[in-house]
Amino acid sequence: MEIDTSAFTEEAYELLSELEASLLELEESPGDQDLIGRVFRAMHTIKGSGAMFGFDEVAEFTHEVETVFDMARNKTILVTKPLIDLTLAARDQIRAILDAAAGGEPADKENAQRIIQGLRALLPGAGGAPAAGAAPTSKKPPAQASEDEPHVYRIRIKPSPDIFANGTNPLLLLSELRDLGEECQVIAQYDKLPPLENLDPETCYTSWEVFLTTQKSENAIRDVFIFVDDQCELNIRLLDREEVLGTDVQKIGNILVQRGDIPEEVLEQALKPIGDRLVEAGAVSPSQVKAALAEQNAIKSKRDKKVQAESAASVRVPSEKLDGLVDLVGELVTVQARLNQTASNRQDHDLQLIAEEVERLTGELRDNTMSIRMLAIGTTFNKFKRLVRDLSTELGKKIELTTEGAETELDKTVIDQLNDPLVHIIRNSIDHGIETPDIRIKNGKNPEGLIHLSAIHSGASVLIRVEDDGKGLDPEFLTRKAIEKGQIPPDSQLTDKEAFQLIFGAGFSTAEKITNVSGRGVGMDVVRKSIDALRGSIDVTSVLGKGTIITLKLPLTLAIIEGLLVQVADELFVLPLAAVEECVELSRRDVANAHGRHVINVRDEIVPYIRIRDRFEIGGTPPDIEQIVISDVEGKRTGFVVDSVIGQHQTVIKSLGSNFEHSEEFSGATILGDGTVALILDLSKMVRYVEAEEDLSEPAAA
Amino acid sequence: MIDLSVDDAGDAGTLTLSGGITIQHAAQLKDTLLEGISAAKGLVIDLSEVDRVDLSAIQLLFAAHRGLNDKGKSLTVAGTIPEAWHNAVKESGYSGSMNADDTTGLWTGEGK
Amino acid sequence: MGKKIMTVDDSSSVRQMVGLTLKGAGYDVVEAVDGQDALTKLKAAPVDMVVTDLNMPNMDGITLIKELRALPNFKFIPIVMLTTESQAGRKQEGKSAGATGWIVKPFKPPQLLEVIKKVLG
């Protein structure tokens, strides 16, 4: 029978997350019996269902861990840090085994052994003697498949008279015994059977003498009687070699016949090949078999229906299916926009009404579809508890991680891609941000550092903030370092904000010594790339000696963008609204005042700008008064000059085909209501390209 | 199901058994057997519709058969003996338990 | 005709596991969530065998076994209890109450079927 194991693995992964959370909580309050119980139950369930679904390695390994936790539950041992450490390691090991079963890297068996040995060392009286927990999971000893000649056993079975009373059917025991061997002869002893008048119909009067030829051990025979060992006198004797020597099994039978113990036909019956006996025992006609098969099929389909009904409460769907749905909804939104436009062009009132209705429905459909893909960020947050715990221990720091807004939802794709950048940021906080306890005490801080992780909705974006109370960033130091590395010109004067952005430069590491936690020169530049890819932005604020706040601003979803639609000549572009701060006018006079430099004074702040017309070599004459869309690009205010701003536009993103692969300045395209295509600008990339080409990075501070 | 009918002359009681004759019905089977044996000179037993037999039934019928033999009454079988019966006899080790001159075919443990 | 087995367990996953295994092997399966539920359902429609957990709310497995053994219809049917290793003592308690056998959790489908075959045939 095939059993679908995916239900188990999914459940197991969930349990492992719970387990981890419980263990971390338990570390805070090691005496909490509820938590110990939770850990134990999680282990127990993983072990139990693991064994049931054929994950023997999981079951065996988990059994060892469970045994130790059972002792903690019974207060035989105390919950200590080593126990938590080992159990966390065990949890990772179980995960590795599951991953391996799903086609991942094979799990490190030696690691499993190390964990088990470590756990056993925690048991009372552990001094090399095998711990109590080392008992095998299986109730049966491993079958001793001896290569020897088959043995002949004489088995005397005398059931207690009341053996029927607990539902035991002795005939089944006998037939099981028969199945053990090649040859088996059962002889009933019915001399105790009273006359019918005196016979208690619910009493067993029969005992047996069985001759069994088998390669199995005596234990295997005793196992047959495992449920009735207290209700059966069992006498098993291996017949002496001499009794068998030089004879074969049939001879034994013959001896019995000669002794008059059994009639000859019984012997013949007993000596029939097992195949024949099974056919006889089958006692069914082909038509009955056919009927049984039909019934089985009926049961199967009934079962399938039942399983479907049972799982109807919540549905697990592969995320590709959702992606497909989102794509279709995207198409629909586009068509709907065209419908709107057509309806209003034709001045057809009825058509407009329909278009409005379609618009409403499309909107709801879009929101619903998006919400299906929305996940709470909490699970991601929980992962970091472990990270913080492990890294801070490794570095000899004390750090508490607090979280806020775990229930904040955002698109699954965004969450998936957010994990790595957040890991980098948190690692940096732990490694470079939070000081060691002695330094913290010296600086009058609480020896325990704090990392606060929060998520909140802000319009169509989500703000994720990683806040630490560490030593903060030193803008002067950052600037000096960047100059040393030749990443910025030697005479650069950077604002604090700009200096902070330097940490995202490729190969920029401020760590004075390289640790294995971070500071390998990769990290924050990768973070920026990932956040760019998510069409998000990063903001850094820091107060030297007080701490650092890194804020990620991310779109709720990647499938739809809130954009600002702008026009240059006949070309339409979309700027991500999340980055847009304001729009100001650019007159000819402003241009003249700047003496050829691409900067504009906005309320006493000098803002550099990029002319989209020039950038993309769009012909035509610009209007007298152009528009500058001022955007926040990596902490720098940068303007983008366009002919006119058409307005806000919610739009479905179409990825550009491979023909546009080289056009990194566009993050995608969108189709407008009238069928025209507008390109979506990737502002960060544009700025970087322009900087690289024109070395525009000399903004004069105000 | 257990059903006993005794003809008016009291020559033969016919015991018709069907379905499962198991421990569940052992008490009833015993009473019916006793009734049939005392009421008639011979017992006719029809097992052809029996599909399940356990040790309790084997014990009862064996005791009944032996009792009839001892009393000089006859036991005859009506209809075919089902495989379920033969298998139970074989499995319980009661094969060949009755005297060699038994002709009912109940205790050979061999079907056709 | 397939034999009918009742599985009694407060854990739906165990019930499902036992149920699927037994149905796959051609048995009819009825489910009950605890001893009380089992007793009510069994009084209405008997079965050929009962597989019951021991620790359950409302009525535990041991009580269920005792109650069943007192009823004529269930005096002799096989009753198998599901135990865990930590409940070794309860094995004997269950046996005394009238259980036919036991299965140690965790178990795999073949082990379950082995036990069913052992006590039900």
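A residue counts as buried here if 20 or more other C-beta atoms lie within 10 Å of its own. With that in hand, let's walk through this predicted model, starting with chain B. Of the 112 residues in chain B, buried ones make up 46%.

How is chain B built? Its secondary structure comes to three helices and four strands. If you trace chain B from the N terminus, the elements follow the order β-β-α-β-α-β-α. The contacts are worth a look too: among those in chain B with a separation of 6 or more, 77% are between residues 24 or more positions apart.

Now turn to where chain B meets chain A. Here 31 residues of chain B are in contact with 29 residues of chain A. On the chain B side, α1 (26-39), α2 (55-71) and α3 (83-91) each supply at least two of the residues that touch chain A. Which of these elements gives the most? That is α2(B), with eight residues. Sorted by class, the side of chain B that touches chain A has 14 nonpolar, eleven polar and six charged residues.

Finally, a word on confidence. The model scores ipTM 0.92 and pTM 0.43. In chain C, the mean pLDDT is 87, and 96% of the residues reach 70 or more. Within chain C, confidence is highest in strand β1 (residues 4-8), at a mean of 94, and lowest in helix α4 (residues 88-97), at 82.

Technical notes: Residues numbered from 1 in each chain as written. Chains lettered and ligands numbered in written order. Predicted model: local features only at pLDDT ≥ 70, side-chain atom pairs only at ≥ 80, totals over all residues. Contact = placed C-beta atoms within 7 Å. Nonpolar A, V, L, I, M, F, W, Y, C, P; charged D, E, K, R; others polar. Buried ≥ 20, exposed ≤ 12 C-beta atoms within 10 Å, placed from the backbone. pLDDT = per-residue confidence, 0-100.
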